[in-house]
Amino acid sequence: VDMVAIFNDVVLAARGGTVSYAGTSGSWTSIATGKGTSFRYDFERYNYNGTEKIMIATGSDSAFSIDTSYNVDIINATGGGTAPTAPKFVASFKNHMFYAGMSNAISSVIFSGPFTEDDFDTGGGEIKVGDVVTGLKVFRDELFIFCQRKIYKVTGTSSSNFALAEVAKNVGTIANHSIQELGGDIIFLSADGIRTIAGTTRIG
């Protein structure tokens with residue numbers, strides 16, 4: 001199984017490029033196909049306009065959202081600008097959707113405008129870091145950008161005041177799904193074992 005998530009009070013699962021949800025009778029209903037077999041989908045639940053949605057990235061195809069009626073919306077810059085190409089990672093921060101892990105922009109994080117997933121023109125933008133991005137995590141009003149050998153964080157509320165700061169150098173994560181909040185901290189798997197953001201920051 002490539003992904004398992006609880007969404008809209010049902011189990012949402014992906015396998016072999018197909019996303020399905022479990023019905024009350026135990027049957028599965030397919031809602032998206034041909035999404036690639038990355039074996040590790042990334043997803044984010046969010047609500048920008050009163051409708052609960054889940055954003056899914058596979059690294060093999062365009063990111064796409066699913067709403068509570070199980071409608072699938074492909075992220076293709078309907079609102080303007082240029083959409084990210086096959087991102088691996090997604091995160092909702094300050095009512096903007098952030099995308100990373102694009103093969104054609106390995107050191108960039110692209111974000112949408114406020115309260116939209118697919119407008120990359122009005123209020124959207126790009127943050128470039130000095131390393132290959134390997135994961136995203138929102139924690140305590142900050143967006144952490146994990147790379148292979150560095151960690152950054154983004155603060156602020158919009159494109160007018162988003163600010164990038166280095167959190168740690170010579171350490172990053174090798175597995176984005178290892179990035180988890182635990183005990184008031186973030187843990188992650190680095191090349192030399194399990195680390196925490198607090199401990200890594202102190203070491204510097």
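The exercises below, each with a worked solution, explore a predicted model.

**Exercise 1. The largest pocket**

Find the volume of the largest pocket, the residues that lie nearest its centre, and the elements that give two or more residues to its lining.

*Solution.* Begin with the size of the space, which is a volume of about 320 Å³ for the largest pocket. Next, turn to the residues around it: the lining is made up of 15 residues, and those lying nearest the centre are Asp42, Phe43, Leu136, Lys137 and Ile179. The elements that contribute two or more residues to this lining are β5 (42-46), β9 (89-93) and β13 (133-139). Finally, sort the lining of the largest pocket by class, which gives seven nonpolar, four polar and four charged residues.

**Exercise 2. The second largest pocket**

Describe the second largest pocket by its volume, by the residues closest to its centre and by the classes of its lining residues.

*Solution.* The volume of the second largest pocket comes to about 190 Å³. Its lining consists of 13 residues, with Lys88, Phe89, Val132, Val133 and Thr134 closest to the centre. Looking at the elements involved, one finds that β10 (96-102) and β13 each supply at least two residues of this lining. Sorted by class, the lining of the second largest pocket holds seven nonpolar, five polar and one charged residues.

**Exercise 3. Positive phi angles**

Locate Tyr70 and Lys94 in the chain, give the phi of Tyr70 and of Lys94, and decide whether Tyr70 is buried or exposed.

*Solution.* As background, most residues other than glycine have a negative phi. Tyr70 sits in the loop between β7 (64-67) and β8 (72-74), and its phi is near 65 degrees, a positive value in a residue other than glycine. With a relative accessible area of 15%, Tyr70 lies under the 20% limit, and therefore it is buried. Lys94, which is not a glycine either, has a positive phi of about 55 degrees and belongs to the loop between β9 and β10.

**Exercise 4. Salt bridges**

State how many salt bridges a search of the whole structure finds, and then examine the partners of the pair Lys94 and Asp141, the pair Lys150 and Glu166, and the pair Arg195 and Asp192.

*Solution.* The search of the whole structure finds six salt bridges. In one of them, Lys94 is joined to Asp141, with the closest N and O atoms 3.1 Å apart. This pair links distant parts of the chain, since Lys94 is in the loop between β9 and β10 while Asp141 is in the loop between β13 and β14 (142-147), 47 residues apart. Lys94 is partly exposed because its relative accessibility is 30%, whereas Asp141, at 55%, is exposed.

Turn next to Lys150 and Glu166, whose side chains meet in a salt bridge with an N to O distance of 3.9 Å. Here too the pair links distant parts of the chain, with Lys150 in strand β15 (residues 150-155) and Glu166 in strand β16 (residues 163-169), 16 residues apart. Lys150 is partly exposed at a relative accessible area of 26%, and Glu166 is also partly exposed, at 43%.

The last pair to examine is that of Arg195 and Asp192, in which the closest N and O atoms are 2.9 Å apart. Asp192 has a relative accessible area of 56%, so it counts as exposed.

Key. Residues are numbered from 1 along each chain as its sequence is written. This is a predicted model: local features need pLDDT of at least 70, side-chain atom pairs count only at pLDDT 80 or more; totals for chains, interfaces and linings use all residues. Side-chain values use heavy atoms; hydrogens and water are left out. On a 1 Å grid over the protein atoms alone, a cavity is a set of points where a 1.4 Å probe fits but cannot get out, and a pocket is an open set with protein on both sides within 12 Å along at least five of seven lines; lining residues have an atom within 4 Å of a point. Grid points are joined across faces, edges and corners, and a volume is the space filled by probe spheres set on the points. Helices (H or I, at least four residues) and strands (E, at least two) are DSSP runs, numbered from the N terminus. Ala, Val, Leu, Ile, Met, Phe, Trp, Tyr, Cys and Pro count as nonpolar, Asp, Glu, Lys and Arg as charged, and the others, Gly among them, as polar. Buried means under 20% relative accessible area, exposed over 50%, partly exposed in between (1.4 Å probe, protein chains only). A salt bridge is a side-chain nitrogen of Lys or Arg within 4 Å of a carboxyl oxygen of Asp or Glu.
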